[in-house]
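Please examine the sequence and the structure shown below.

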Amino acid sequence: MAEGGSLPVEQLNKDNTALTYQLLECPICLEQMRSPKSLPCLHSFCEECLSTYIVTDLSGEMAAVTSFPCPVCRKITSPVNHSEGKETWAQQFPTNSLVQEYTKRTRISYAQRYCGPCKKTKNLETPATMLCKMNGMLFCKLCTVNVHDVFHEICDSVTLDEANHNVTWKQPWSMACSLHLEKIDYYCEDHKFIGCHKCIITEHRRCDVVMTIGEYCENQKKKSQLDNMGKSLENASKCIELMINAIDKQIESMQQCQDVGLSSVVDLRQSIDKYLDKKQEEMTQEMISKYKAAKNNVDISKQKCSRLRVVIQSTKEAFMTAVRMDDHLEMTQLFIRGQTEIGACNDVIDDITHSLKSVNVKHDIDSSHITIDQYSTLTLGRILVEEQPCIIPDGVEYIRNVDWLLNNRVKKLGQCMIRIPSDEDDCTAHGVLLMPTGNIIVSDYQNDKLKLFSVKGQFLDELEISGYPHDVCSVDDDTVAVAVTNSHVGIHVVKVQPSKLTLSTVIEVPEDIKCQGLAFMDGHFMVSTSTDIHSVTMDGKVEKVQTLSSPCWNLASDLKKNKTFACLQTSTMDDIVVTRLPNGIQIYGLDERVVENAMGVDVDSEGNVYVCGQDSNKVLQVSAYGTKVKELLTSKDGIDEPRAISVCGNKFVVTNNSSQDRNEIHIYQLY
């Protein structure tokens, strides 16, 4: 509800109508839903439409098939009892009580209402114009004056136009649980489940995050997640629209190529004898067949985009309407549905980018056949199918989902060779830094160097370090620092130009402080050793701020929240434990069943922490408070003893310590 009081009745009725229209429309038949059935992904369909889709989609599949994709988001869905015939699967899904309630209320809202006194005394159906809120009786204009105003001099009455609003009619919009017939007012974050208090007690009492739907919506509103979801849905809709336009242009180009090819076949056919009629027909059919096969693939992609566009636009409009009406139940359901649809949008973009080919079917003839004479070989040439990667239009990009930690994925962009001709040994990269410019700085422990590479992996410059370089961190946009041990113990501050590294200053520390991890925060450095974390000022003043139970090889800092993140190399914790200290340090103790030999660590702009498990061959993403953990990369993704990591925006780089990968760094993108 907006500030300054309630919305006008006309606006509320308009919003109600818009929201009702969006909720009652079946995405398959695009008409008002009949016997609405809801899938686990929260998309609803007519029972008949859903049943027809299931039977059609699984036609030709083996009888052992036990699931089907959602018609909208393509999420794999299993029926309650897949042993029954596919014709009955749709009946097994729960009825969408909210849609039924909207249908019922819409029917009541637009029903003809008649005057009560006229009906009782004269048996006349006189249209009513006024509602008495004291007794709920309807009156026409005449009876309002002659009957109502005589007996109810002081009464709260409204016109029927005002009474159309649900609050006036005292018809609450709460929905009952189909299992317990109790009010639905709780939400389980762990399972993305909405239910009544009995559902929560029986099925979700051990879950970590359970709250009322009102609390959930208020939390999302405080975090600006509702606004972010609206923006993400808007961006997804624009991307799908651009994809459809690009596909239309591709179809038009294919059609033009087909027309040119067919015309070429006909022109050549007219210059040779009639006995080539059959050959011409064969080649024409071949070209049409190949064109149809190629166009069918494109049509399938367009159908996915079109169907997803309709649903995303519907969800966006319904979501924004629910936000304006402050409808917590609808906001929660549409928020979850929006997350699913944004994931589906990214899937479509990924599928078209990597799988769909731009195909041109052409007619190819030998140059000697352009002029036909008695010595020419009688042939009509051949049909060529040229395939190229699909051209993605500008403006199409992966949409960052609002609940990013649970839904993001990783795409490998490439790798960069970090061993250069001047190196005497294989590299051992103890530190890496991905700068906002895209340049990459590598701290090579084995060759005593700091190296600079471009965003495309081109070697730009090297700086020899007097000692063993370890972790590297950013000081500002054109300054970095590296932790150094051995001869010149301390912190080496380096200026970074577009293609040049220059040593600016050396901050010396006592020799007993073996600098390993390094981070810059609030004008001073945080340095980790095998036993402690120290604070080091720019003029070399050292102060121990924390004793560690295990070595910490790398540090990371969150400049927005003024915090330093440390990850212990080994831990005896039975779970993910985050220790928050008053000095702004957060120490992560990770269960060794989750990650072994934790090394590199970094933090993104959202506060999510990234940890390299060298012995477990994993790169983990951990929420700022350690409540959620996601495996971003494993050995199946080519990770082999990850050592250091650096995150910048939606990209990150990882160094590896294995013998076969130690001379390369790998570059990835999050989406």
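The coordinates come from a predicted model. We begin with helix α9, which spans residues 213–222. Which residues of α9 are buried? They are Ile213, Gly214, Tyr216, Cys217 and Gln220, where buried denotes a relative accessible area under 20%. These residues lie on the same side of α9, because they cover an arc of only 160° around the axis. Just after α9, Ser224 adopts a positive phi of about 65°.

We turn next to a sheet that contains strand β14. Four strands make up this open sheet, in the order β14-β15-β16-β17, and their pairing is antiparallel. Why is one side of β14 and of β17 left without a neighbour in the sheet? Both β14 and β17 (459–464) stand at the edges, and each has a single partner strand, so one side of each lacks a neighbour there. From one strand to the next, the twist averages 15°.

Strand β14 covers residues 429–434, and six of its six residues are buried, so the strand is largely enclosed by the rest of the structure. Thus β14 has a single partner strand in the sheet, and yet the strand is largely enclosed.

The pairing of β14 can be followed residue by residue. Its partner β15 comprises residues 440–444, and the two strands are joined in the antiparallel sense over five bridges. Within this pairing, Gly431 stands opposite Ser443 in β15, and Leu433 stands opposite Ile441 in β15. The two strands form a hairpin with five residues between them. In this hairpin, Gly438 takes a positive phi near 100°.

Which residue of β33 is the bridge partner of Leu620? That partner is Glu631.

Notes. Residues numbered from 1 in each chain as written. Predicted model: local features only at pLDDT ≥ 70, side-chain atom pairs only at ≥ 80, totals over all residues. Heavy atoms only, no water. Buried < 20%, exposed > 50% of the residue type's maximum accessible area, 1.4 Å probe, protein only. Arc of directions from axis to C-beta. Pairing = 2+ DSSP bridges. Axes fitted to C-alpha atoms, helices over the stretch in contact; angles between N-to-C directions.
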